[in-house]
Amino acid sequence: MDILLLIYEYPFPHENHDTKMRINDILSQKYTTLVGRTAWQLFQQDIEDRYLQQLIKKSIELEKGSFLHIDEEYLVPLERAIKKDKDIIRELTNFLLSSKNPSLDILSRWKVKERSNLEDRLIYDMLLEGLNDNSIINRDGVSKVAKAFEKYSMNEYKSLLKIYIESRNHKSFHYELLNQAIKRLYNPNDRLEDWTFLTSQGVEQVKRWLMVNELKKFFDNDTNSKRFDYWKRYIDYMELVMPLKNPFVAFMYFKNFVVVEFGDMGAAYFYHREGFEEVIYPRINDYRFKNKKSQSARESMLKETDTSLGGFELYIIKMEHRGNWPDRFDIKMRDLLIEFNG
């Protein structure tokens, strides 16, 4: 009964060092498996308590390979970590990083409770060191990593996301992780201040990922992915993709020109950017545009062929999606990119 009272009252925060050491000595001298099991449960919520660490270390020694009935494969690295004293978390994290088994399976074998401080800390440290490549993501699964991200505070989340994003380009991002980031931090095109924890290159990659996804959604109704596959190749030259729903069109902004693609495959219109922004784009807010009843009537207001209007250079060319159109488009795109970008 005395032993039960001692272990259930643990960790005695108001006692001095000598008393705590004596309590540990009594629990070790009169040891039962209940002591080790309870100490391990308490440690999971108070991972910094050195007296708990010491009691667990003694428990492992006294149980001689049967601590918590953990399989030897998982008990050996746990024992090794416990013996490190101050480096327990570091050692356990290293095992999570190096193991071929999913992290949650390992934690389950170690009898670590879900959402305990120990689980949160180990998963966080593992991700902090393991997100610079895809090994942890491939092993644990994208959905499990995304679920782990949800646990952490905004500052912790941003630290993990920074490593993830800045270790990759937009082509390597996982949809579930970036989609989660957009929901949690909002679109950087609308609220850039939420993304200042990233480098400018990191923000740029997120924006490019968003552009790819806007294009993919826009061209989803095509019978094949030819238009999407084509424009995806030019993502690194685009600055913005802006889709409209009615009419169903997409504005693709490059440095000094804009390409307008329509939902129904026909022709793409190329405009000088300044002329587009001053002449064409304002039309979507014009009452005459909004009062057009049909989509085709609205589309017609975006199909301008005057080379200049209102003192601005405007129309460049209209190119149809017929025959071997990607080769023809490539020639024109190359000329425009050279002409405007040098």
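1. Two strands pair if DSSP finds at least two bridges between them. Strands here are DSSP runs of E with at least two residues, helices are runs of H or I with at least four, and both are numbered from the N terminus. With that in hand, Pro-243 stands opposite Ala-250 in strand 2.

2. A word on the ground rules: this is a predicted model, where local features need pLDDT of at least 70, side-chain atom pairs count only at pLDDT 80 or more, and totals for chains, interfaces and linings use all residues. Residues are numbered from 1 along each chain as its sequence is written, and side-chain values use heavy atoms, with hydrogens and water left out.

3. Back to the strands: strand 1 (residues 240-244) and strand 2 (residues 249-253) pair in the antiparallel sense over 5 bridges. They form a hairpin, with 4 residues between them.

4. Do look at helix 5 (residues 72-82) and helix 6 (residues 88-98), whose axes come within 8 Å and cross at roughly 150°. Axes are lines fitted to C-alpha atoms, for helices over the stretch in contact, and angles run from 0 to 180 degrees between N-to-C directions. Helix 5 and helix 6 are therefore roughly antiparallel (angles over 145 degrees). Their contact (heavy atoms within 4.5 Å) includes Tyr-74 and Leu-78 of helix 5 and Leu-92 and Phe-95 of helix 6.

5. Finally, Ser-66 lies in the loop between helix 4 (50-63) and helix 5. Ser-66 has 31% relative accessibility and so counts as partly exposed (between buried, under 20%, and exposed, over 50%, with a 1.4 Å probe and protein chains only). The C-alpha atoms of Ser-66 and Thr-33 are separated by 9.6 Å, at 33 residues apart along the chain.

Conventions. Angles under 35 degrees count as roughly parallel, over 145 as roughly antiparallel, 65 to 115 as roughly perpendicular and the rest as oblique.
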